[in-house]
Amino acid sequence: MTQDPAVSSFRFGKPTREDLPRLARLGYDAAIAHCGACRNYHMTAPYLRAMGTGGIGVEFAWDSQMDVLVRATAGRRTVRWLMAGAADAGMTGLVSGLAETVPGVDHHVTIVDRCQTPLILSRAHAEAEGMAVETILGDLRQFHRDRAFDVVLMHFTTIFFEDGELVPFLRHAATWLAPGGTMIAGFLHDRPSPEPSTPPAASVNEWRSAVVRAEMAAGRIDLPEDAGTFIARLERRNPTRTTRRVPVAEVAEIVRAAGLAPREIALLPFADDEAALWGADCRQRCFVVATLP
Ligand SMILES: C[S@@+](CC[C@H](N)C(=O)[O-])C[C@H]1O[C@@H](n2cnc3c(N)ncnc32)[C@H](O)[C@@H]1O
């Protein structure tokens with residue numbers, strides 16, 4: 001029997017060491033103080049994660065992503081990371097998770113975002129972990145630090161670039177990589193569907209709304225506004241990004257055009273129970289792992 005999405009028990013896992021409820025509340029306040037058009041996105045993303053209803057790149061295909069990070073950093077005593085667009089503390093959380101998995105490595109983490117909110121959250125998580133991080137408020141298009149990083153993590157920041165902007169941006173991003181460095185970039189693409197199906201967004205929003213109401217009623221989340229206001233934010237949370245979806249077949253070509261050698265492309269499938277929520281036409285994601293040739 002198909003489960004009603006609104007009462008689905010599916011939840012994203014918690015792959016990092018972040019204290020998500022605490023960070024969600026901190027992000028809410030930071031977003032009020034610092035966000036512009038990104039407010040609803042930066043305000044809701046950490047709560048969705050805290051409630052297990054929002055995946056960001058950190059949550060998707062966790063095991064294989066950790067494998068990729070372990071491979072990309074194998075043999076290094078020191079790893080210089082650049083998080084190119086962060087959203088919240090998740091990417092810093094990946095490094096603290098990796099440090100736990102592979103001890104004895106020195107991690108230097110730099111995070112660039114054009115909004116202060118993700119930087120505040122990243123610093124808060126780093127501080128809780130005793131990690132030093134450098135945070136830089138600015139536009140990545142104007143960020144210059146040539147050949148300085150061993151790993152550049154760019155989780156879906158690609159969605160903010162229109163056709164024609166993406167390759168020049170990635171070419172610029174390639175200049176940040178030190179020789180032998182690795183770029184791990186996430187792309188969204190349309191999942192080919194053999195047959196039309198009901199647009200899934202309604203059921204996903206229903207599911208999230210039901211979870212928000214249940215979590216609030218049980219006093220499990222510290223949300224300083226009523227559930228209805230928060231749910232309305234969810235529906236208006238992506239005003240700044242493009243609708244650009246990169247077909248997966250084009251991803252390798254785009255990466256090559258930017259002067260990088262794609263090494264692997266990992267499609268990030270939904271878990272079975274998540275797919276039931278999103279439907280057959282859901283957006284899918286992939287990560288490309290690329291190096292300087
Ligand atoms: C899609 S979010 C990252 C998502 C998340 N890290 C994940 O794992 O899925 C992209 C972030 O990049 C930032 N961003 C977008 N365009 C940017 C630019 N040109 N310069 C700096 N930051 C940018 C946004 O503020 C946002 O926090």
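Before naming anything, I noted how elements are labelled: helices (H or I, at least four residues) and strands (E, at least two) are DSSP runs, numbered from the N terminus. Residues are numbered from 1 along each chain as its sequence is written. I'm working with a predicted model, where local features need pLDDT of at least 70 and side-chain atom pairs count only at pLDDT 80 or more, while totals for chains, interfaces and linings use all residues.

Entry: I started with a loop. Arg147 sits in the loop between β3 and β4 (149-154). Its phi is positive, about 55 degrees, although Arg147 is not a glycine. Is Arg147 buried or exposed? I found Arg147 exposed, because 12 other C-beta atoms lie within 10 Å. The cut-offs, with C-beta atoms placed from the backbone, are 20 or more other C-beta atoms within 10 Å of a residue's own for buried, 12 or fewer for exposed, and partly exposed in between.

Next I looked up Ala87, in the loop between β1 and α4. Ala87 also isn't a glycine, yet its phi is positive at about 75 degrees. I counted Ala87 as buried, because 26 other C-beta atoms lie within 10 Å.

**Entry: the ligand.** Ala87 turned up again here. Which residues are closest to the ligand? They are Ile56, Gly57, Gly85, Ala87 and His155, out of 22 residues that surround the ligand. "Near" here asks that the C-beta atom, placed from the backbone, lies within 6 Å of the molecule. The elements giving two or more residues to this shell are α4 (90-101) and β2 (106-113).

I sorted the shell by type and got 13 nonpolar, five polar and four charged residues. Nonpolar covers Ala, Val, Leu, Ile, Met, Phe, Trp, Tyr, Cys and Pro; charged covers Asp, Glu, Lys and Arg; the others, Gly among them, count as polar.

**Entry: strands.** I then followed β2 to its partners. Two strands pair if DSSP finds at least two bridges between them. β1 (residues 78-84) and β2 run parallel, joined by seven bridges; Ala84 is partnered with Val112 in β2. β2 and β3 (residues 133-137) also run parallel, with five bridges. There, Thr110 stands opposite Glu134, and Val109 has Val133 as its bridge partner.

**Entry: crossovers.** I checked handedness last. β1, α4 and β2 form a right-handed β-α-β unit. From β2 the chain crosses through helix α5 (residues 116-129) to β3, again a right-handed crossover. Right-handed means that, with the strands pointing away from the viewer, the path from the first strand over the helix to the second runs clockwise.
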